[in-house]
Amino acid sequence: IRAGAAVMDVYREDFDVMEKSDASPVTVADQRGEEIIKAGLADIAPDIQFIGEESVSDDGAPTTLENRFWLVDPLDGTKEFIKRGGDFTVNIGLIENGRAVMGLVLAPAQNTFYCGLVGKGAWVGDVDGKAVTNRRRIQARRAIPTQPPMIVASRSHRSPELEDYIARFPGAETLSIGSSLKLCLLAEGKADLYPRLGPTCEWDTAAAHAVLRAAGGTVLTPEGAPLEYGKDPVKFLNPWFLAKADPTFAVPNIKA
């Protein structure tokens with residue numbers, strides 16, 4: 001929440017947009033948010049390895065990757081942030097043995113907070129100042145095979161492959177939204193599928209993936225295997241993936 005407040009302070013003022021080595025945009029909001037999260041996690045869990053998007057960008061990947069580590073994206077949806085949209089999030093994910101097991105996702109412009117712990121459940125709440133209020137349990141919904149699904153897709157990263165996949169569901173409704181909120185909508189029971197046929201990094205998805213898992217959903221690779229983390233300990237890249245609110249929903253898998 002403190003990181004989200006720092007992000008919103010920048011959001012409300014004029015700020016410069018810089019470019020990373022991979023040509024992706026970055027702002028001082030990304031940097032301030034990660035500094036706050038890194039310091040906070042070091043206080044409460046100093047024994048858990050920290051992997052953050054900005055730390056890796058500035059200092060490079062760690063030389064060794066432990067079995068348990070944080071994956072942090074202090075500002076997912078930077079393009080939406082730059083355009084003064086509201087679809088951006090602050091993300092803290094915990095990885096154990098390659099799986100996303102806990103996630104905290106804050107949408108600071110919407111004052112909405114998601115959390116999930118696999119095996120314990122998932123919740124959404126409202127942010128009021130420094131506190132989360134009106135916390136309520138969420139559950140990914142079960143699909144109705146006779147009805148077209150609700151499909152969420154990226155607002156900023158559409159591709160011909162994605163359009164071809166969506167076309168395989170005649171009559172399906174589509175919702176375009178930015179950042180990790182797409183996975184959270186599945187967890188909240190508001191959508192059925194999120195096909196990602198384009199590049200993402202592991203810190204983009206880890207926190208919301210854990211929320212979705214805790215709510216009963218799943219994220220699969222093109223081979224149909226569960227999406228794991230620490231696959232590429234240099235660039236932390238994800239393959240294409242398909243997120244499903246209902247793991248039993250029989251749909252065509254994506255193909256890389």
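Strands here are DSSP E runs of at least two residues and helices are H or I runs of at least four, numbered from the N terminus. You're looking at a predicted model, in which local features need pLDDT of at least 70, side-chain atom pairs count only at pLDDT 80 or more, and totals for chains, interfaces and linings use all residues. Residues are numbered from 1 along each chain as its sequence is written, and side-chain values use heavy atoms, with hydrogens and water left out.

On one side, β6 pairs with β7 in the antiparallel sense over six bridges (pairing takes at least two DSSP bridges between two strands). Click on Met102 and you'll find Leu117 of β7 opposite. Four residues separate β6 and β7 in their hairpin, and Asn111 in that turn has a positive phi of about 55°.

Then go to β8, which runs antiparallel to β7 and is joined to β7 by six bridges. Cys115 has Trp123 in β8 as its bridge partner. This hairpin has three residues between its strands, with Gly119 in the turn at a positive phi of about 95°.

Zoom out to the whole sheet: seven strands, open, with mixed pairing, in the order β3-β4-β5-β6-β7-β8-β9.

Last stop: the second largest pocket, about 400 Å³ in volume. A pocket is an open set of points on a 1 Å grid over the protein atoms alone where a 1.4 Å probe fits, with protein on both sides within 12 Å along at least five of seven lines; lining residues have an atom within 4 Å of a point. The volume is the space filled by probe spheres set on the points, which are joined across faces, edges and corners. Select Ile1, Arg2, Ile37, Ile92 and Leu104, which lie nearest the centre among the 16 lining residues. Helix α2 turns up again here, giving the largest share of the lining, five residues.
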